[in-house]
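Me: I'd like to learn how to read helix packing and a nonpolar core in a protein model. Could you walk me through it?

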Amino acid sequence: MKPLRLLFALPFALALAGCSILGSEQRDPVTIFAPDVRVQARPEWPAAAWTLIIAKPTAARVIDSPRISVRPTPGELQVYRGVSWALPATDMLQDAVQRTLEDSGRIPAVASADAGILGDYKLVMDLRRFEADYAGSAQPSAVVEVNAKLVNNRGQRVVASRTFLQQKQATSVDVAQVATAFEEALEAATADIAGWVLVSGNSDPNPGR
């Protein structure tokens, strides 16, 4: 696993650990984490002859934020102090899936919905969870849960729908290790979604093109 990119850091930024890094108040970020998700195309991914538009993912306000969420106990959601994502979680998800499909060489064209380009299919995603969850363990796990729908743009017909869940445990409570676990979970979810999109579009009996 490649090292996670840090856009800016101060020497004391990672000195806090465990519950001492949890808090409900947001301060000016000390360290900004920028996951660099790179997913290689899987051999089993099919080639497609259709094009895809990716809509901006939706999410609850607490999720669609640069703040890094953590669930120390069930029913309690907090944020890590002194750290931030470079982008909101929904932007990271969309960028990761779009880059993966573009770089895969398996599909003629992929674009975001705001590019104003028409496509045969549209990928709609709802980011349900993007948090570090202790779940009774000594170290938290990064949890990424996404519901995805592939829509045939001819008649706006839903071709396939599936919920993807990935969890990767951090090696320690250190926030840098938690951020690395998030990158791993996002990479795994992105790979699952990209492969599913290609297979589902090719399986459509009434293609959009």
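Reply: Gladly! This is a predicted model, where local features need pLDDT of at least 70, side-chain atom pairs count only at pLDDT 80 or more, and totals for chains, interfaces and linings use all residues. Residues are numbered from 1 along each chain as its sequence is written, and side-chain values use heavy atoms, with hydrogens and water left out.

Me: At what angle do helix H1 and helix H2 pack?

Reply: Two packed helices are described by the angle between their axes and the distance between the axes. Here H1 (residues 89–104) and H2 (residues 175–203) pack at about 55°, with axes 9 Å apart. The axes are lines fitted to C-alpha atoms over the stretch in contact, with angles from 0 to 180 degrees between N-to-C directions. Helices are DSSP runs (H or I, at least four residues), and strands are E runs of at least two, numbered from the N terminus.

Me: Which residues of H1 and H2 make the contact?

Reply: Contact means heavy atoms within 4.5 Å. H1 uses Met92, Leu93, Ala96, Val97, Thr100 and Leu101, while H2 uses Leu186, Thr190, Ile193, Ala194 and Leu198.

Me: How many residues are in the largest nonpolar core?

Reply: In soluble globular proteins, nonpolar side chains tend to be buried together. A nonpolar core is a set of buried (under 20% relative accessible area, 1.4 Å probe, protein chains only) Ala, Val, Leu, Ile, Met, Phe, Trp, Tyr and Cys residues joined through side-chain atoms within 4.5 Å. The largest has 52 residues, and Ile193 is among those with the most contacts inside it. H2 gives the most to this core, with 15 residues.

Me: Which residues is Ile193 in contact with, beyond four places in sequence?

Reply: Leu93, Val97, Leu123, Met125, Val146 and Phe164.

Me: Is Gly119 buried or exposed?

Reply: Gly119 is buried, with a relative accessible area of 17%, and lies in the loop between strand E9 (109–112) and strand E10.

Methods. Buried < 20%, exposed > 50% of the residue type's maximum accessible area, 1.4 Å probe, protein only.
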